[in-house]
Amino acid sequence: MSLYKRGGVWWYKFKFGGAIVRESTGLSSEDAARDVQDKRRLELKERNAGIPKRKRPELFSVAGEVWLKLKQNDWAPKTAIIEKTNLAHLKGVFSNCLLTDIEHEIVAEYKQRRTLDKAAPKTISLELGTLRAIMLFNDLEAQWSSIRKKIEFGKARKIGHVLTVDEEISLLRECGASRSRSLQVAVTVALQSCMRYSELRLLRWRQVDFGRRIITVGQSKTDAGTGREIPMTAIAFQCLSFWAVNFPSRKPSHYMFPAEKYGAAGAAFRPKVYDTNPAQPIGTWKEAWEAAKIRAGVECRFHDLRHTGCTHLLEAGVSINEVTEIMGWSTSTAIRMVRDVYGHVGPAARRQAMDKLEVFLTARSEGAQKWAQSTVSQRDNIQ
């Protein structure tokens, strides 16, 4: 082995496996260059012996960008935006850290900093979920497990509010009194179909098949949710049929809930709609929704309409496979949701399911008993 200098930089040259290895160390220090040479020779020996190459530690900023680039094509657009935002926040603390140097102390510091920034617990939880994904992507499961054991991760509220019958009636009544003529229709369909807010807001008329009584969801939060077909209940069908009358010149590409403005007309200040643009979806129901909730005296989120509909399905005894299809969950999400969110739902439905099992087993037992008696009788006749 030999070291030599060229242009102020040390190079090394040695023979390995019958070949000459000649490479620059990129260093001006002879001692440091010798260390690089020794490490390179050891690396070649390990590779020749079948020992896997040890992965070079990466900066979090580099590892995060690589992870984002490789994964984002598999995500829905909204998920990609969330992950990019999470990564931007994480870089504020972890950017210059090697992945292998991230320990529970710095993660705790990050949590504290984001709390002081008044970030919501759910937001912080999502950001730490991104950190976890990056570490697992780089085969650092043991390191993350160690962090997880030492830090209490705040969990966002998962159990939503299930509206009572009185709350539904009151809420729908006040939505009907809103200046936003589409609010009551949207809330009704949300309760009847379990659709997400964005799925509902971006519905086009071509996605509603009145003949088959089917709503086809467009782009969804998940791949499993995109393109799913939801059968309309009688209430949803009647509601949308009446709503369609307001748009006699509608086209399949038009949005079901178009962008439009509201005002008050006449001495009675009755609601007046103007500047309707069916080529653009309504921006939001937020203002009208919040006002209707206050008038109705109901405290809930729009997402609780979906939660209420799902709860009704489970309490009615609908199978989890069918609920999963309607909700647009992936298999893993369905397992988690039933375990963590809807595990308290439907004791009556579970009792009904077990009653069905009992009837089946009883009939099966009686059938087997009759078959056995018949077999014995035939044997006796032969004798």
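Student: Which exposed residues sit on the face of H2 turned away from its buried side?
Tutor: Lys69 and Leu70 are the exposed residues carried by that face of H2. Keep in mind that this is a predicted model.

Student: OK, and which residues of H2 are buried?
Tutor: Phe60, Ser61, Ala63, Gly64, Trp67 and Leu68. They cover an arc of only 165° around the axis, so they lie on the same side of H2.

Student: Why would residues three or four places apart point the same way?
Tutor: Because an α-helix has 3.6 residues a turn.

Student: What covers the buried residues of H2?
Tutor: The cover includes helix H3 (77-94) and helix H5 (121-137).

Student: How many residues does H2 have, and how far does it reach?
Tutor: H2 spans residues 60-71, so to speak a run of 12 residues. From first C-alpha to last, H2 reaches 16 Å, close to the 16 Å expected at 1.5 Å a residue.

Student: Switching to the sheet: in what order do the strands come?
Tutor: The order is E1-E2-E3, in an open sheet of 3 strands with antiparallel pairing. Strand E1 (2-6) and strand E3 (19-24) each have a single partner strand, so one side of each is left without a neighbour in the sheet. From one strand to the next, the twist averages 25°.

Student: How many bridges join E2 to E3?
Tutor: There are 6 bridges between E2 (residues 9-16) and E3. Phe16, for one, has Ala19 in E3 as its bridge partner.

Student: And which helix packs on the sheet?
Tutor: Helix H1 (residues 30-48), which touches E1, E2 and E3. The direction of H1 makes about 30° with that of E2.

Terms used: Residues numbered from 1 in each chain as written. Predicted model: local features only at pLDDT ≥ 70, side-chain atom pairs only at ≥ 80, totals over all residues. Heavy atoms only, no water. Pairing = 2+ DSSP bridges. Helix = DSSP H or I, 4+ residues; strand = E, 2+ residues; numbered from the N terminus. Axes fitted to C-alpha atoms, helices over the stretch in contact; angles between N-to-C directions. Contact = heavy atoms within 4.5 Å. Expected span 1.5 Å × (residues − 1). Buried < 20%, exposed > 50% of the residue type's maximum accessible area, 1.4 Å probe, protein only. Arc of directions from axis to C-beta.
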